[in-house]
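Reader: Could you walk me through how the labels on this model get decided? I'd like to see each value set beside its cut-off.

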Amino acid sequence: MAYALALWAMGHHGFTRWLGVDIAPYLSNAYLYQRIVWGGICGLIFLLPWQKSWLARGFFLSLIPAGIMLLLLLPMRGYGPGALSLGALTPLVIILACAIGGIAASGLLRAQGK
């Protein structure tokens, strides 16, 4: 959920446009639902054993869904490798949004003592 809201906020407040990236999702139930379902599936990677800090865990594990999006899902939708047709800094935006989601998830797990 944090990933979806981060990506929406970056588009809504003009950050993606400022970077020259054509991503500005509309905040709707359909947009959030799809990301919540996939977020739950991607959340399974937090079951991997990890001995580093919760912050590092969140960031590094977030690179897995970011890589899947940039190297598989977005190119399959016709945006090219790394979705570079959306803008040269698209990988940065995707990695940043995923990192926000991963760090938030890791922080919540830490707060719950897990």
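This is a predicted model: local features need pLDDT of at least 70, side-chain atom pairs count only at pLDDT 80 or more; totals for chains, interfaces and linings use all residues.

Author: Residues are numbered from 1 along each chain as its sequence is written, and side-chain values use heavy atoms, with hydrogens and water left out.

Reader: Why is S106 called buried?

Author: Buried means under 20% relative accessible area, exposed means over 50%, and partly exposed is in between (1.4 Å probe, protein chains only). S106 has 2% relative accessibility, so S106 counts as buried. S106 sits in helix α5; helices here are DSSP runs (H or I, at least four residues), numbered from the N terminus.

Reader: What does S106 touch?

Author: Setting aside neighbours within four places in sequence, S106 contacts F46, W54, R57 and G58. Contact means heavy atoms within 4.5 Å.

Reader: Which residues form the nonpolar patch on the surface?

Author: Y33, V37, W38, I41, L44 and L47 form it, with about 690 Å² of accessible area together. A patch takes residues with over 30% relative accessible area and no salt bridge; nonpolar side chains (Val, Leu, Ile, Met, Phe, Trp, Tyr) are joined within 5 Å, like charges within 9 Å. A salt bridge is a side-chain nitrogen of Lys or Arg within 4 Å of a carboxyl oxygen of Asp or Glu. The areas come from the Shrake-Rupley method with a 1.4 Å probe.

Reader: How do you know that the buried residues of α1 are on the same side?

Author: In α1, the buried ones are Y3, A4, A6, L7, M10 and G11. They cover an arc of only 165° around the axis, so they lie on the same side of α1. The arc is taken from the directions from the helix axis to the C-beta atoms. These buried residues pack against α2 (15-19), α3, α4 and α5.

Reader: What is called the largest nonpolar core?

Author: That is a set of 19 residues, and those with the most contacts inside it include Y3, L7 and I23. A nonpolar core means buried Ala, Val, Leu, Ile, Met, Phe, Trp, Tyr and Cys residues joined through side-chain atoms within 4.5 Å.

Technical notes
Helices (H or I, at least four residues) and strands (E, at least two) are DSSP runs, numbered from the N terminus.
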